[in-house]
Amino acid sequence: MQQRQKKVRSASEALNTVLGTPEAALELAIARLWRHWPEILGAEIAEMIRPLGHRKTTMLLGATNSMVMQEFSFFAQNILDKANAFLGNAYFQKVQIELMAGRPALDQSLLPKFPPRPEAPKPDILGNLLPCMDPSSPVTSCYRAYVRHFRPDLKIPENE
């Protein structure tokens with residue numbers, strides 16, 4: 001067992017320690033395989049047979065229904081060959097096809113999509129405070145920039 005070191009390390013050193021192992025490199029390659037799944041099998045096939053994960057050297061795939069599961073069990077070796085060719089080595093030895101049963105596939109993002117940020121409403125009355133503000137004040141300078149941002153058509157005297 002490696003002796004624990006009691007020194008502060010940079011984030012890049014710590015990540016290199018974790019991600020620099022052959023096991024981590026393999027897991028990252030498999031994650032890349034899942035991300036490129038539609039390109040590897042083709043979009044139409046990838047819609048019917050989706051990656052669910054792996055157990056050691058067995059690739060777990062999910063089928064949309066039992067007919068697809070039966071049909072693609074005959075093409076398991078073809079899928080295996082394509083996946084191993086993408087990885088660059090013969091890591092996967094077996095394919096196991098199961099029904100999706102509502103499980104999330106790994107070839108799609110599991111993070112929710114955020115709605116676009118609503119545009120900030122433009123104020124109705126703008127620039128009417130400039131005559132009563134000190135022209136040399138930094139606050140006045142900021143207010144002028146604010147007015148110019150929302151009302152570029154408005155003529156604003158620089159120093160009154």
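Guide: The model contains an open sheet of three strands, in the order 1-2-3 with mixed pairing; two strands pair if DSSP finds at least two bridges between them. Strands (E, at least two residues) and helices (H or I, at least four) are DSSP runs numbered from the N terminus. This is a predicted model, in which local features need pLDDT of at least 70 and side-chain atom pairs count only at pLDDT 80 or more, while totals for chains, interfaces and linings use all residues. Residues are numbered from 1 along each chain as its sequence is written, and side-chain values use heavy atoms, leaving out hydrogens and water.

Visitor: Which strands are at the edges?
Guide: Strand 1 (49-55) and strand 3 (94-99) are the edge strands, each pairing on one side only.

Visitor: And how many bridges join strand 1 to strand 2?
Guide: Six bridges join strand 1 to strand 2 (residues 58-63), and the two run antiparallel. Proline 51 stands opposite leucine 61 in strand 2.

Visitor: Switching topic: where is threonine 140?
Guide: Threonine 140 lies in helix 7 (residues 138-150).

Visitor: Is threonine 140 buried or exposed?
Guide: Threonine 140 is buried, with a relative accessible area of 1%. Buried means under 20% relative accessible area, exposed over 50%, and partly exposed in between (1.4 Å probe, protein chains only).

Visitor: What does isoleucine 40 contact?
Guide: Leaving aside neighbours within four places in sequence, isoleucine 40 is in contact with Leu33, Lys82 and Phe86; contact means heavy atoms within 4.5 Å. Isoleucine 40 belongs to helix 3 (residues 37-41) and is buried, with a relative accessible area of 15%.
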